[in-house]
Amino acid sequence: MIRKTLILSSLMLLFYIMAASAQTATSDKLRPKWLHKLPAPTNSSFKYEIASASATSLDAVRNQCLSELISSSGLSTGVVVTSDYKSNEKLSQLWDNGKLTERVDYNAVTTTSVKSKEIHLFVENIDEYWTRDNSGNYYMTKLYAKSELGQAPLFDNVELTTNYASDPATWGLALIPGAAQIHKGSYLKGGLILGGTVALVGGIIFTETQRADYVSKIAKTHNADLKRAYATKRDHFATGRNICIGAVSALYVYNLIDAIVTPGARRIVVHQRPNGNTYTFIPTISTEGNPMMTASITF
């Protein structure tokens with residue numbers, strides 16, 4: 001029964017992994033850390049913000065993300081909308097064989113104008129993550145550093161890295177099997193290490209309990225045949241216990257090495273930067289009342 005259960009669980013896990021890999025293609029094997037928690041800026045002149053969009057090509061989806069960022073920030077200060085409403089009525093009467101028929105003609109015209117002041121928005125592209133489904137559609141999330149409106153920012157010097165050797169939290173979590181891997185974004189690997197450790201520790205407890213039970217049975221019986229049978233089972237459980245101890249020790253050593261050496265999900269290390277290049281996007285309103293964008297680059 002246990003063997004059938006293990007085989008079934010292995011097949012289900014293999015099917016899940018194959019289905020997940022066939023469903024989408026991704027820009028990275030692991031989702032970047034900033035998708036779960038945005039970095040904190042070192043000064044108040046700007047903030048980090050994400051924008052998401054979908055399109056049928058990478059260039060199109062990148063432009064959509066930028067449009068989403070501008071529409072949610074550059075024009076969020078509001079615009080002035082004025083409407084000029086004009087209407088008139090014309091009444092006509094017609095007598096036909098002594099019967100009066102009245103006709104009313106009604107005309108209305110509404111003119112709407114949109115006005116907005118020019119807004120300077122400084123934006124720096126930080127990172128992006130995308131997935132693509134079987135239909136070829138891209139789903140992208142981009143991370144930007146965006147200035148406060150009308151204020152020249154002092155953007156941070158951002159370092160993108162998958163190395164966790166300099167992360168103090170990784171060293172502490174490495175002592176707990178699987179915790180550092182989960183912290184680095186390798187949830188499946190971390191779960192397997194944690195689950196394997198729990199299973200092996202359970203195996204040690206079970207086999208040692210059974211071994212001790214047969215030792216007790218040997219001491220309580222005077223039957224030579226039973227003593228030999230109990231001794232054989234005692235030795236088998238002792239062997240199983242030793243195998244579990246060796247396996248859990250090897251897994252723990254692997255956990256320590258993997259926690260520090262193996263790259264994890266891309267993370268952001270923020271440093272102050274006194275100078276740097278910025279991209280300026282200026283959302284404006286055209287003379288026809290349509291939103292438009294003016295861009296410039298500051299070196």
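**Close-ups of the aromatic rings**

Phe206 has a relative accessible area of 49%, so this residue is partly exposed. Welcome to a few close-up views of a predicted model. Across the whole structure, a search turns up six aromatic pairs.

**View A. Phe46 and Tyr48 form an edge-to-face pair.**

**View B. Phe206 and Phe237 bring two helices into the picture.** Here the ring centres are 6.1 Å apart, with the planes at 75 degrees, so this pair is edge-to-face too. Where do the partners sit? Phe206 belongs to helix 5 (residues 187-220), while Phe237 belongs to helix 6 (residues 224-261), so the pair ties together parts that are 31 residues apart in sequence. Phe237 has 21% relative accessibility; buried would require under 20%, so Phe237 counts as partly exposed.

**View C. Phe206 and Phe237 also belong to a cluster.** Which residues make up this cluster? Ring pairs link Phe206 and Phe237 with Tyr214 and Tyr230.

**View D. A charge meets a ring at Tyr164.** Look for Arg267 here: its charged end sits over the ring of Tyr164. The distance from that charged end to the ring centre is 4.9 Å.

Key
Residues numbered from 1 in each chain as written. Predicted model: local features only at pLDDT ≥ 70, side-chain atom pairs only at ≥ 80, totals over all residues. Heavy atoms only, no water. Phe/Tyr/Trp six-rings, centres within 6.5 Å; stacked < 30°, edge-to-face > 60°. Helix = DSSP H or I, 4+ residues; strand = E, 2+ residues; numbered from the N terminus. Buried < 20%, exposed > 50% of the residue type's maximum accessible area, 1.4 Å probe, protein only. Lys NZ or Arg CZ within 6 Å of the ring centre and 35° of its normal.
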